[in-house]
Amino acid sequence: MNSFSDQKDVPAPCQLVTGGAGFIGSAYVLEARRAGIRVINLDKLTYAGNPANLSSLAGDPDHILVRGDIGNEELVAFLLQTHAPDAVVNFAAESHVDRSIVDPDAFVRTNVLGTASLLRVVKDWWRSLPAHRAEKFRFLHVSTDEVYGALQPGDPAFTEATPYSPNSPYSASKAASDHMARAFHETYGLPVLLTNCSNNYGPRQFPEKLIPLVILNALEGKPLPVYGKGANIRDWLHVEDHCAAIARVLESGAVGRCYNIGGHAERTNLEVVRAVCAILDELVPLGQGGHADLITFVTDRPGHDFRYAIDCSRIEKELGWKPVHAFESGLKETVAWYLANRPWVDHVRSGAYRDWLAVNYGQRAAATGGTP
Ligand code: NAD
Ligand code: TYD
């Protein structure tokens, strides 16, 4: 089974979802509500958190969006006591590698200290539950394949046994949070589950990440910045496949166990950018030349991990999950979503977004010598 459970004769389950106004969190919240799960959504609404991602839930009494920080102990304790969730699903994080290079402290604050605080407050509340409730409770911590470091071509894909070797402030902060989640299981018995997944793509991704950035720049005829030679490889996973995997792990995952989640879709960055351009050529043809003419090689990201690849045989064999979206069709649907949702796009490209583009790309000289 790949989807959320749909049991009819039991009381509606309730989950505290953190970061549920972001890209992946909002996709998860929408799926959870479709499955009848009551959602308390705790989100700080940083630049990446967008209530418009959840506009289809307007008026839904079983989705409660609370603006707040996972590090706010009183608020988290209040939400736990008031709503008594069956699970906490922790998506809340600073999530962009380039921003972590510019401002690592923000990543330590939320990803490390915030997660540690959340774990502690949840543990204290969980210990107060009657045994039958405590036994069924789950804390699922959402993490990334980037904690495993970088692969070279031909290296075997990351398994759950691959030692952690994070290289960016982002992946180091996520690695620290994973260790805390694991420690809370080993030390206190908190029923923790951990997922490490590859690069997500799909609707509602903030356009600081490669795929939406390229779509939106191309639509405006702006340069498509490819770091280095565009040879770095990522394993792309559709956000809906990721959310279905999280639901499977919550339903049937073994407590204390980690599950890698990947899309079986390794592509170089240049392949991804060219694929976006080819889709745009079909959907919104340019007068002359193609969108790929906009590809511009720029100075590489410092410490740029060369390749990520996920071996997700554990979740496939033990929990029966598999990704169902093929990358090419999923990418085409994603491009079409951005074309069809111009108000969403205009809203997220606020002054703060333009400031970020100036910070990240202003200093990146176009690299010489490469041709797309
Ligand atoms: P995102 O940046 O789109 O969303 C993060 C959300 O967390 C935002 O809504 C933001 O407002 C909220 N948030 C940030 N700090 C907070 C705090 N202190 N308290 C409460 N809320 C806070 O990120 P995403 O791409 O949706 O990623 C979600 C999770 O998945 C993250 O933990 C990330 O590390 C992990 N992940 C992402 C990817 C990916 O490709 N996007 C891949 C693997 C793992
Ligand atoms: P990104 O979407 O930032 O995800 P991550 O760094 O977590 O993998 O980047 C995906 C890949 O695309 C990564 O190898 C960096 C590269 N990239 C570019 O080449 N140009 C860009 O403007 C961005 C944002 C990323």
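I began with one pair of residues and noted that Thr-18 stands opposite Leu-42 in E2. Strand E1 (residues 14–18) and E2 pair in the parallel sense over 5 bridges, where pairing requires that DSSP finds at least two bridges between two strands; strands are DSSP runs (E, at least two residues) and helices are runs of H or I with at least four, numbered from the N terminus. This is a predicted model, in which local features need pLDDT of at least 70 and side-chain atom pairs count only at pLDDT 80 or more, while totals for chains, interfaces and linings use all residues. Residues are numbered from 1 along each chain as its sequence is written, chains are lettered from A and ligands numbered from 1 in the order in which they are written, and side-chain values use heavy atoms, with hydrogens and water left out.

On the other strand pairing of E2, I found that E2 and strand E3 (residues 63–67) are parallel, also over 5 bridges, and that Asp-43 has Arg-67 in E3 as its bridge partner. I then checked burial: 5 of the 6 residues of E2 (residues 38–43) are buried, so this strand is largely enclosed by the rest of the structure, buried meaning under 20% relative accessible area with a 1.4 Å probe, protein chains only.

Next I turned to ligand 2. A polar side-chain atom of Arg-301 lies 2.5 Å from an oxygen atom of ligand 2, and for Tyr-361 the corresponding distance to an oxygen atom is 2.6 Å.

Note on methods:
Buried means under 20% relative accessible area, exposed over 50%, partly exposed in between (1.4 Å probe, protein chains only). A polar contact is a pair of N or O atoms within 3.5 Å; within protein, one must be able to donate a hydrogen and the other to accept it, and residues adjacent in sequence count only if both atoms are side-chain atoms.
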